[in-house]
Amino acid sequence: MNFASGGQFAPDRGGQFRPVKGGQFAPESGGQFDRILQLDQQTCLVCNRPAKKGTPEYNSIQELLPELTKVIDSKPDIESDLRRLWNTSFSMTDKFGNAETEIAESIKDRDKLLLNKTKLEEEIKRLDADINNEILNSGIDRATDIVSMAEVTNQDIQNYSRAKGRLELEQETIEKDLKGVDARLKQLSVGNIDPIFLQKKELLDELVELTARVKEKQYKGLVQQLEKTANLHFENINRLSGAFHGKIKFMETTGGGYLPENFNENGQRVTNPNTSQTSSLKLSIILAIMTANKDRGYNNRYPLIADAPISDFDPLKKKSFLIEAANTFHQSIVIIYDFLEGDTERTNRFKPDIEKIKELKNEIEKTGKKFTVHYLDIPDGISTTNRSELSVKIKPVNLI
């Protein structure tokens with residue numbers, strides 16, 4: 001471009017512009033733009049002499065220019081990238097379309113998981129407390145205590161076994177001596193004792209023996225009655241659930257006592273009963289003791305007070321037990337966390353399931369008992385991590 005002839009401005013050496021004759025501007029010599037212009041015009045603007053292309057003058061001007069930068073390809077090959085982006089967009093279309101629904105569901109799942117986490121943490125703490133109580137009650141704090149107790153117990157068994165053997169031999173010797181003494185005593189005194197006194201003695205001995213037999217028979221009879229009554233309650237509690245429960249049998253121990261065991265329909269002992277079976281077995285025995293003593297008014301004097309006794313029962317079994325308890329006890333106070341449902345208006349909180357409670361109320365009141373429910377409510381913002389701020393509100397549940 002010839003700024004000197006056709007334009008009104010031309011840059012000087014430093015890229016600035018200067019005026020020339022006639023009010024126009026022309027570049028000063030020495031600048032990069034000057035050299036390009038000189039090559040274009042094939043004239044040296046410094047000395048105002050021709051510098052034709054191919055001449056030493058032209059080449060001298062050209063050598064003063066810096067090396068030109070290589071031309072960069074302005075059209076890179078991005079076809080493969082565009083195709084990959086196009087294909088990826090198809091797979092992302094559905095995800096973007098369902099994003100709001102998936103986010104909402106994820107939030108619900110997160111809330112459920114947080115609720116389950118809170119429940120599990122509370123259950124773990126409860127189990128830890130139970131374990132600590134058992135440890136305190138047992139007097140065992142460390143594993144070494146168990147080993148020590150086992151060693152002491154083993155030593156006691158050996159000592160008592162030797163003592164038992166020695167005492168049995170002494171007892172056998174004494175009994176032989178006693179029989180001999182009795183035989184000699186009878187021979188010595190028979191002629192001097194009135195036969196009527198001998199008859200009285202024999203009669204009293206027989207009465208003592210008869211009393212012992214009657215006492216044992218009556219005791220066994222009471223045990224059998226208790227076993228029969230316990231099985232009635234056991235059946236009533238478990239029947240509706242449809243799950244296996246077996247039968248209760250009281251097995252006599254070597255010490256003269258009785259231990260309840262669970263047997264299946266084939267008469268075999270159930271060696272691994274689950275927690276639900278064990279809990280219902282124990283509760284059935286408690287109910288049987290009260291039923292057997294109804295004539296004495298035990299059911300009026302002793303209420304049933306229980307904390308979560310049915311936590312391992314299924315819904316039908318829970319309902320059956322509560323009805324059975326109402327039939328047996330004059331008054332029952334049962335603390336449970338069943339018959340609750342999630343509170344949709346509060347986070348990690350529950351509210352009474354009114355429909356299920358009303359159904360239970362109708363069944364309980366058929367037994368002639370009054371049914372009331374109170375709800376233990378924990379305010380919002382309180383959890384197991386800040387128990388120092390824990391407070392509980394006891395609210396009556398309106399079932400009308």
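Predicted model: local features only at pLDDT ≥ 70, side-chain atom pairs only at ≥ 80, totals over all residues.
Visitor: How many salt bridges turn up in the whole structure?
Guide: A search finds 17 salt bridges.

Visitor: Okay, what does Asp-377 pair with?
Guide: One partner is Arg-346, with the closest N and O atoms 3.2 Å apart. Lys-395 also forms a salt bridge with Asp-377, and there the closest N and O atoms are 3.0 Å apart.

Visitor: Where do Lys-395 and Asp-377 sit?
Guide: Lys-395 is in strand β10 (residues 393–396) and Asp-377 in strand β9, 18 residues apart, so this pair links distant parts of the chain.

Visitor: Is Asp-377 buried or exposed?
Guide: Asp-377 is buried, because its relative accessible area is 5%, under the 20% cut-off. Lys-395 counts as partly exposed at 35% relative accessibility.

Visitor: Switching to helices: at what angle do α9 and α10 pack?
Guide: About 30°, with the axes of α9 (residues 315–328) and α10 (residues 354–365) 9 Å apart. Their crossing is right-handed.

Visitor: Which residues meet there?
Guide: From α9 you have Lys-319, Leu-322, Ile-323 and Ala-326, and they meet Glu-359, Leu-360, Glu-363 and Ile-364 of α10. By class, that contact has 5 nonpolar residues, 3 charged ones and no polar ones.

Visitor: Last topic, the backbone. What's up with phi of Ala-308?
Guide: Phi of Ala-308 is near 50°, which is a positive value in a residue other than glycine. Ala-308 is in the loop between β5 (304–307) and α9, and at 27% relative accessibility Ala-308 counts as partly exposed.

Visitor: And phi of Phe-339?
Guide: Near 60°, again a positive value in a residue other than glycine. Phe-339 is found in the loop between β6 (332–335) and β7 (340–342).

Visitor: Why does Phe-339 count as buried?
Guide: Because Phe-339 has 18% relative accessibility, and buried means under 20%.

Note on methods. Residues numbered from 1 in each chain as written. Heavy atoms only, no water. Axes fitted to C-alpha atoms, helices over the stretch in contact; angles between N-to-C directions. Helix = DSSP H or I, 4+ residues; strand = E, 2+ residues; numbered from the N terminus. Left-handed = near helix turned anticlockwise from the far one by under 90°. Contact = heavy atoms within 4.5 Å. Nonpolar A, V, L, I, M, F, W, Y, C, P; charged D, E, K, R; others polar. Buried < 20%, exposed > 50% of the residue type's maximum accessible area, 1.4 Å probe, protein only. Salt bridge = Lys/Arg side-chain N within 4 Å of Asp/Glu carboxyl O.
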